[in-house]
Amino acid sequence: MPIIGGDRMQIPVLNRFFKARDKPKNSLLGSAYSFFFGSTSSGKAVNERTAMQTTAVYACVRILAETLVSLPLHTYKYTDNGKEKVADHQLYYLLHDEPNPEMTSFVFRETLMSHLLLWGNAYAQIVRDRNGRVLALYPLLPDKMTVDRDSKGQIFYKYQTFEGTVTLRSDSVLHIPGLGFDGLIGYSPIAMAKNAIV
């Protein structure tokens with residue numbers, strides 16, 4: 001029996017076959033953060049990791065990531081006359097030279113850019129000392145991250161590790177979202193274009 005809602009008539013049986021095109025999902029399971037089991041119209045499963053086995057996807061991600069990373073990186077401070085470069089700021093060293101003891105700035109930024117291009121989001125954990133000073137930045141895998149708001153509207157992050165889920169406050173995560181529809185997270189370009197990748 002048809003259900004009339006607003007100015008549209010809905011038929012429950014057809015709802016299973018015809019999905020709304022204005023609300024794309026990254027997964028058949030309804031998760032907006034992962035795309036493990038989504039299939040294409042050809043029936044082949046495509047996700048961010050398998051898409052990198054396609055030479056066109058690999059080449060595009062590599063070229064975009066390496067090109068952006070090769071651009072100069074500076075830190076600035078605002079002054080009465082506008083802004084000026086600051087090379088002696090502590091964050092300049094982290095961003096320009098070594099964000100953490102395990103990787104160079106080039107590798108760190110290339111990693112974040114590749115995450116952004118594949119998953120539509122890039123995350124890095126901000127490690128601080130007791131005084132709140134930033135000591136290091138470590139990239140986090142986007143497919144292990146969930147972003148949400150609490151009852152007060154504050155953003156928080158849940159990261160899945162081998163030992164379980166870790167909850168991180170918003171001031172502990174550098175989040176660079178790509179194109180998205182809710183302003184909170186970006187959608188995976190791979191999930192959005194999976195039929196073209198097969």
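Which residue takes a positive phi in the hairpin of β7 and β8? I began with this point in the predicted model. I found that Gly-153 takes a positive phi near 90°, in a hairpin that has five residues between the strands.

Entry 1: I looked up how the two strands are paired. Strand β7 covers residues 145–149 and strand β8 covers residues 155–161; they pair in the antiparallel sense over five bridges. I noted Tyr-157 in β8 as the bridge partner of Val-147.

**Entry 2: aromatic pairs.** I searched the whole structure and recorded two aromatic pairs. In one of them, the ring centres of Tyr-123 and Tyr-157 are 6.0 Å apart. I classed this pair as edge-to-face because its planes stand at 75°, where over 60 degrees is required. Tyr-123 belongs to strand β5 (residues 121–128) and Tyr-157 to strand β8, so the pair ties together parts that are 34 residues apart in sequence. I then checked both residues for burial: Tyr-123 is buried at 1% relative accessibility, and Tyr-157 is buried with a relative accessible area of 5%.

Phe-181 and Tyr-187 form an aromatic pair that is tilted, with 5.1 Å centre to centre and 45° between the planes.

Entry 3: In soluble globular proteins, nonpolar side chains tend to be buried together.

**Entry 4: Ser-105.** I next examined Ser-105, which lies in helix α5. Its relative accessible area is 2%, so Ser-105 counts as buried, the limit being under 20%. Leaving out residues up to four places away in sequence, I found that Ser-105 touches Leu-95, His-96, Asp-97, Glu-98 and Pro-99.

**Entry 5: a charge over a ring.** Finally, I looked up the position of Lys-83 relative to Tyr-76. Lys-83 lies over the face of Tyr-76, at 5.0 Å from the ring centre.

Technical notes: Residues are numbered from 1 along each chain as its sequence is written. This is a predicted model: local features need pLDDT of at least 70, side-chain atom pairs count only at pLDDT 80 or more; totals for chains, interfaces and linings use all residues. Side-chain values use heavy atoms; hydrogens and water are left out. Two strands pair if DSSP finds at least two bridges between them. Helices (H or I, at least four residues) and strands (E, at least two) are DSSP runs, numbered from the N terminus. Buried means under 20% relative accessible area, exposed over 50%, partly exposed in between (1.4 Å probe, protein chains only). Contact means heavy atoms within 4.5 Å. Rings of Phe, Tyr and Trp (its six-membered ring) pair if their centres lie within 6.5 Å; planes under 30 degrees apart count as stacked, over 60 as edge-to-face and the rest as tilted. A charge sits over a ring if NZ of Lys or CZ of Arg is within 6 Å of the ring centre and within 35 degrees of the ring normal.
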